[in-house]
Every structure is written in structure tokens, then in C-alpha cells.
Amino acid sequence: MSQTIFPPRIKRRSHVLYHLQAARFPSGNVVYPPCEIDPSTGETNPEIIELPKTGTVIADTVQRIVPGWMTLNGPYHVVVIECDDDKHTRLMGQLTGADANVDYTGWRVQARFRRLNSNNDDGTIIYGFKWEPMVGPAFMHT
Amino acid sequence: MNRTPCVIGFGMSPWGSEWELSARDLVARAALATVQHAGIKLRDIEAIHIGSMTTGLFTGQENIGAYAADAMGIPGVPASRHEGACASASVAFHAACDDIASGRHKMVFAGGVEKMTDVSGDGATAALAAASEREFEADQGATFPLLYALMAKSHMAAYGTTRQMLTAVAVKNHRNAARNPHAQFQSEITAEIVESSIMVADPLRLFDCSPITDGAAGLIVVPEDVAMATGKPYVRVVGRGLCSDQMFLHRRAVLHEMPGVKRASALALKEAGKTVQDMQAFEVHDCFTIAELTILEAIGLFEPGRAGAATLAGTTAIEGRHPVNSSGGLKGKGHPVGATGAAQIGELLLQLTGQAPGPRQIPSNPTIGMAINVGGIGTMCGATILEGVRK
């Protein structure tokens, strides 16, 4: 099953997806994706910042039964990452270049610009960041 | 006049892959069973509150309040549809209780419906994903099994929770479902069956997941003086809590915790003037096996990380110290998402008044219990405490 993803939806998210933007609120809280009101504190007037393109996986799972709305054919990792900013801002993303039989929790990862999905009725292609494990013991989080 | 909301009747449509029944039929069957149990007529109902998560995506049908009133043969009554993902029926039930407590109405139907098998498995997965954060999480490939799998991984890492503990939840709830003639699954399963089922999202296997279900359920809510006048057993609604939480899983301080459940249950307990240890029966939202464990910890029944061991030890079995999901839970009874909360409350009505048939009755004959109905990844939670009044 594909789904309709209208261009406006892609356009309004493009700055977030292409630049990994987040909102920094006056208190210092950083929220991804950016929003007008801090969901934790109710603060307003955020500054838009770009998150660093590296981080650490804090939770990892592999979707074995792929939903029809995803372009991918095989199992894929979805992980929660703590970015390397001062607030360790979290986000959810897919791994790329990863082995479906490996748990990458604790691994260092770097952002790679990739096609996220194109399975829809409008021919639109969603681009954004996936995350690639930094291979080698030097990159292992201890 | 005593305006304490009470439940005097409960009914269910058939639950399962009910290809022959439309959403309209499901509502009608549940309503008829409910009024029969309550000993009233459909035309006695003054208002309808019905939960439905995403009937539009499942069947194309919206305007569910009027649709339900029409299906029940009582068009003209005020009828509202309530949506809180899988907690939709609890949201509807709480609105019905408010109708009673405010004095606006004296006899209200609260229930829920979901017709899930008119779409493919993929279609159902996509519809259910609408309860997650759609623009960012779902487009990363997040499904509900995947989100709960991440919570399970986090729980395992924090407390050493094992696959065996998750399996014990599934085995227990299917065992209870086998005693429930309304359950979608009527047979027990073994640990070997769970462990050999296909992996959906590591570490959750197929038998860790609740099924796709067509079904509806209904409750009749009245003030206590009306309940007393029936001369039949009923339950008093002594505590309620309804809480929301952040939509994004990654924004949670601890991935496997459910702050909304904690808040909702604390509100309900405070209103009831009870502690969780006073509760003698539980119906909790086991949409995935890990959810039962995290909810039992969130409400404080077990210390964090201890619910799995307690399940393995039989503490949450029907004969155990803290019986959980005597109905079979979502795992065994089925999970028509918009209706589940009503069936949880209905099961407690039966258990707390000694009306559960045969071997399904909890042997300790509980008189007070708690239902926890969760939407999304805990982004909506309805907690309800009921006290039985036996005649």
C-alpha cells in the first residue's frame, strides 16, 4: 500500500529534513523537530539551529515485516540517536549501511543524506538524513 | 440525588475477523447485548458517547456519533464520537461519566467500535500508524510494533528483562482468553509457540502483538440512584484519570516509561482515596507484551523492572495475588482499537460483581479494580477505578 504525500507536506518539512534543524528555546532546551512551543516547558520564541551530524545510538530495533508505505524491501533499522550537541538532543532515524543482525546500541553514527521514501501516489521523493555506523573500534562508545 | 456514575450493563458484538459484519452491525450487536444486560430498552438511552480511532481510514466512514445513533435505532439523541487512538473508548466513557456527574443525563451509552478488516494488513498498519507522530516518525519507517520494540529494548537494557518474561505475558493472556467466549482467540498457547513465531521488530515476535480485530462494545452509565433502583449488581466509578503525553518517543526522558499512565493512574487513585495495592483486579492495555509490564510498573503495582519476574512467578495470573487481564487482554480477547477501553471496563463490571461466567471468574472474588487503557505509545491514557456493588 502506498500513500498520498502531497508536495506541501514535503515542502514545509524540507528545511528540517535537509538541514537537521531543531528549536533552541530561551531556557536552553533543544527540541527536534522544531516547534513553536516547547512541549516540556511551554516556552516560546525559539531560535532555529542545526544539529550536529554525528551522535550515538541509544536504542535500536529492526523492522522485519516492512510496511507497504516504505520503499525498502528488506528489514531496516530504526534507532534513537543522541546527537553530539551540548543537550544530547534526541531524534529517531533509520540506519544505512547496517547489518540487520547487529544491535548498534552504543555505536557512534554519522548522518548521510539519502532518499527516505518514495512510495506514494504522487511521484514525490522524500529526502533526508539516515545514519551510518562509524565502523571500527575507535568509534565505539565506551 | 446521588450522581456518582455507575455502570449497570455491558455488551459486546462478536470480536474477531467478522467479515460479514459492518461497523453498523457491530455497533447494533453491541448495543443490543448491552441494553439486554442492563435490563433497559434502547429508547431509554438519552445520549451516546462512542469511541472510534480511525474508522475513516479503515472503512471510509466518519460522522460516527450519528452513525452509531442510527445503527442503534435512536437517531435524535445527542451522539458524539471520541478519538484518543486506542484509548478512544475510555475518552468516550469519561465523557459519559461527566454527563451523569453533571446531572445532564440519567442514562448514557458509552462504547466504542472499530472495523479493521476492511483493509489489508498493510492498510491496517498504516491506519494504526496515524496514532504515532505521522510527519516525522512514521516517515522514518516507524510502526507501532517498532515503537514498542524500542521501548522493550530500553526496558531490557535497564532491568535485564528477558524474552521469557515477554512470552509469559502472552501465554497467560491467551490462557485467560481461552475461558472467554467473546475472545478472538479461544485456545491456549505455549511458550514454544510464542518463541517460534515470526520476528516483527526485534525483540517483539508475532505473538507479542495484539491482533487486528473487528468489534464493538458498550456500557450503560447511570447515576447511583438509578443503579440502585434496578435491583441488580453494578459498579460504582470511584476514580478517573485521563492524561495525554508527548507524541514523540525520542523526547521521553526514559524511552520505556509511560508518564501519562503514571499521571492518569495517580489521579484515579487519588479520587478513589485508594492505593494501587488496594486494587484486586486489573485490566491493562497489553497491545504488546512489553506494554503490560511497563504499565504495571507505571501504576506502581511493581517496582520498575519487577513486573516481568512477577509475571513469570504467576503473580498476575487469574489465581495470583494481582490478577491482570482476566478477559484475555488485548492479546487474547482482541483489540478493535476504538472499542477496547469499553470492554476493559465491562470485564471489571463482571468480575467485581461476581458475574464473570464459570472459570473466568477471579477466584478471590474481587470487589475493586482498575482499568488502564492506552492510546499510541502512552500518549493518551484513561485510568478508571470501579467498585462492585453486589445484590
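**Notes on a two-chain predicted model**

1. Helices (H or I, at least four residues) and strands (E, at least two) are DSSP runs, numbered from the N terminus. With six residues, β4(A) gives the largest share of that side. Sorted by class, the side of chain A that touches chain B has 24 nonpolar, seven polar and seven charged residues. Here Ala, Val, Leu, Ile, Met, Phe, Trp, Tyr, Cys and Pro count as nonpolar, Asp, Glu, Lys and Arg as charged, and the others, Gly among them, as polar.

2. A word on how to read this: the model is predicted, with local features needing pLDDT of at least 70 and side-chain atom pairs counting only at pLDDT 80 or more, while totals for chains, interfaces and linings use all residues. Residues are numbered from 1 along each chain as its sequence is written, chains are lettered from A and ligands numbered from 1 in the order in which they are written, and side-chain values use heavy atoms, with hydrogens and water left out.

3. How many residues does each chain bring to the contact? Chain A brings 38 residues and chain B 33 residues, where contact means heavy atoms within 4.5 Å. About 3100 Å² is buried between the two chains, and carbon and sulfur atoms give 56% of that area. Buried area is the accessible area (1.4 Å probe) that two parts lose on being put together, summed over both. In chain A, A:Trp69, A:Arg90 and A:Met92 lose the most area to chain B, together 23% of what that side buries.

4. Three salt bridges also link chain A and chain B, each a side-chain nitrogen of Lys or Arg within 4 Å of a carboxyl oxygen of Asp or Glu. One salt bridge joins B:Lys153 and A:Asp103, at 3.2 Å from N to O.

5. Buried means under 20% relative accessible area, exposed over 50%, and partly exposed in between (1.4 Å probe, protein chains only). In a regular strand the side chains alternate between the two faces of the sheet. Both faces of β7(B) are covered, with B:Leu219 among the buried residues on one side and B:Ile220 among those on the other.

6. Which strands pair with β7(B)? Strand β1 (residues 5-12) of chain B runs antiparallel to β7(B) and is joined to it by seven bridges; B:Cys6 has B:Val222 as its bridge partner. Strand β4 (residues 108-114) of chain B also pairs with β7(B) in the antiparallel sense, over seven bridges, and B:Ala110 stands opposite B:Leu219. Two strands pair if DSSP finds at least two bridges between them.

7. Finally, a backbone detail: a cis peptide bond joins A:Tyr32 and A:Pro33, with omega about -10 degrees.
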